[in-house]
Structure formats: structure tokens, C-alpha cells
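Please open the model in your viewer and keep the selection panel at hand.

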Amino acid sequence: MESPELSFTLAYIVFCLCFVFTPSEFRSAGLTIQNLFSSCLGSEDVGFVQYHIRRTSVTVLVHSALPLGYYMGMCVAAPEKNLGYIHKVSDSWRLFLLLSICLQLASWTHVIYWSRRHWHNHPISRGLQAHVQPPHSGWGSMAASVNTEFRRIDKFSTGAPGARVIVTDSWVLKVTTYHVYMALQSECHVTVTESRQHQLTQDLASPAQILTLRVDSINPAIRHYDIRLNSTEYAELREKLHAPIRNSANVVIHQTISELFLETFKAQVDLNQPYTLPIGQEMEPCIGCMQVPANTKLVRLCHTEGADNESGCQQCFCRPMWCLSCLGRWFASRQDQQRPETWLSSRVPCPTCRAKFCILDVCGVH
Ligand SMILES: [Zn+2]
Ligand SMILES: [Zn+2]
Ligand SMILES: [Zn+2]
């Protein structure tokens, strides 16, 4: 179907998705609430709490206007529907218009309710009110504490704009599109609940482990929330966060690129053909760690791959002497640490005889 109506609908849906979830292209084009309304939002550095109260309110108003925008766009895109004349439009369009107007009115009512008594009812100020302790009376002192600490340059800050994590001297904050989650460091404990590993591939420039941490507060008025970060940032978070961190799921946290690379290395070796020990030969302990049997053997396999014989790998005649982890660490240690994207395709010398090998030449011993 090639109608302006359908093209407009598809384009509008894509626009809405991008506007709400703001991929980096949209962000660099400046099509974000923060950018479009920067003049009335003020500065995040001057007043973090006030800025986000205004930002979340504007976000609710603008996002709830999107269905109405669709209707108005449709008036122009499909003039034959007479959408501009309310008595002439079909029932389904009338219902859509009614619902869009209701949504818009509801969000205005909501924001007006939030703004009463100097934004006393806004979820962010309610979150701060829950933290107010006896010597103080209003949430103003809490807001001032967050604002001051946010301005310090030694805060920990990470994540995409839709789910930013900020740890200041006494607060753990998570900034999302519609809300800012807050917990006092002195009242919360943090649990590592999940880890997702992204292996090094040709498309991914470096291996990554994404950790999910749950922030629980002993304050019953504060709901728990999840924060996400890259495992390489974990040490920095640890430094800033004084709250205890529990590791419930026994997640192994890989804090360096080399440790992360080990997972990729092991997965790749599993794909290579295994090596069977000659009869009479026994598996010896790994000479690197002396902990586990030496279960790898270097066999030049890669020359069969591709047309060129100039692979540069050499046959290693050493018996199995290294375990997979030690060989993986050796492999990673000989790489350009700044350019992990080259690791999969590079060659390193055998730790014993210096014959060059690539990742395709590493066989598991059975
Ligand atoms: Zn070893
Ligand atoms: Zn060798
Ligand atoms: Zn090779």
C-alpha cells in the first residue's frame, strides 16, 4: 500500500520510538527533551533536583502529546478524511481524538497537582521527603545536599542518558526518563544480582560484562531499584560507594579487558577441533599455575582456512604444558591493550618455543 497516510503513520511511529528512547543519533541531532527545552529547564549543575523535577514534568507533558500530534499530522497527511471537521470523521477517529485529549488533560492535571506547594507532590520531592531526618523539617535541605554533592567533580557517573547512575558522597542516584531514584548511602545495601557477558566479536570492539546491582534501602519508604554498569567501572564504583556490596548470584566480576577476554578465548577454543593425547602420554599439571592439568595443545590449523598460505603461524612441537586459562592470559598479555578489536585476529608466540600461533590453532586436549 503506497499511500501518504501509511507513510506518515510509519514515519510517526519511528519518530515517537526514537524520541522516547533517544538513540545516540537522535541525541547528537539534539532531538531530546533536555535540548529542546533547555531554556526553561535551567542547569543540572546549578540545581540537580529542581532541574529533574522540571525535566520529568516536561517529559510527561510532551510524551503524552504524541498521540494528539499524530492526529494533527494526519489532518495534513490525509486531507480526504476530513479529520479537521469533528462532525464528519468516523467513529474510530473520533474515539482516538477523544482518548488523546483525555491523555493530554490527565497529564496536565497530574503535573499541576505535582507543582502545588512548590512541587511538594512531585515523586522526586516525595522521595526526598522520605529521607528527611529530625533536625531538618523540609525536603529543601535534602535537595540542597544532593545539589551540592552532584556539583563535585569526584562523583561516580556512568550509563546512557535514559538510565544514568550517579554515586555522590552520600547518595546513590539513578536518573531515568520519568523519575530519579534516590537512596542514602548510609541507609542502603547493594547486591550484585545478575551479569551479562558480551563476548569479543568482529562487530563488538571490546568484550563487555554488564552487571546489574540492586539497591535496597533500610528506609521502608524507599522502593528498591536496579542499576546497571560495565564491570570495568566496578572498581571506581567500589571506591565511591561505602555501602556494603553483596554478591548473591556468585557473579564473577571481570574488572579488566584481559579477564573479560578469557571468556571469549575459551568459547573460541571450544569451537576448534580437539586434540587427542597419544597413547601412553599422561596429562601433566599446567606449568603456569600448577593447579589444573595442562589441557591445551597448539596445532597449526589455520592454514587450511582461506586461500592465502601466508598466515604466519608456525607449528609448535611442544607437548601440552599450559591450561586454557594460563594460555588465554598469555595470549591477552601479548596484545595491544588499547585495541581489543584486533585481538581475535592477531598472532602471539608459543610461551615455550616461540612458534607463532593464532586463536584458531589452540586445541583442547581430551
Ligand atoms: Zn594454568
Ligand atoms: Zn611451542
Ligand atoms: Zn594460526
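Begin by colouring the chain by its domain assignment, which gives domain 1 (4–125), domain 2 (152–255) and domain 3 (260–364), with bounds that come from an automatic or database assignment. This is a predicted model, in which local features need pLDDT of at least 70 and side-chain atom pairs count only at pLDDT 80 or more, while totals for chains, interfaces and linings use all residues. Residues are numbered from 1 along each chain as its sequence is written, and chains are lettered from A and ligands numbered from 1 in the order in which they are written.

Next, select domain 2 and domain 3, whose centres, taken over C-alpha atoms, are separated by 35 Å. Nine residues of domain 2 are in contact with nine residues of domain 3, where contact is defined as C-beta atoms, placed from the backbone, lying within 7 Å.

Now select residues 48–64, which form helix α5; helices are DSSP runs of H or I with at least four residues, numbered from the N terminus. Among the buried residues of α5 are F48, V49, H52 and I53, buried being defined as having 20 or more other C-beta atoms within 10 Å of the residue's own, with C-beta atoms placed from the backbone.

Finally, show helix α6 (residues 66–77) together with helix α7 (residues 91–119), which pack at an angle of about 140 degrees with their axes 8 Å apart; axes are lines fitted to C-alpha atoms over the stretch in contact, and angles run from 0 to 180 degrees between N-to-C directions. On the α6 side, the contact is made by P67, L68 and Y71, and the α7 side includes F96, L97 and S100.

Methods
Helices (H or I, at least four residues) and strands (E, at least two) are DSSP runs, numbered from the N terminus. Two residues are in contact if their C-beta atoms, placed from the backbone, lie within 7 Å. The expected span of a helix is 1.5 Å times one less than its number of residues. A residue is buried if 20 or more other C-beta atoms lie within 10 Å of its own, exposed if 12 or fewer, and partly exposed in between; C-beta atoms are placed from the backbone.
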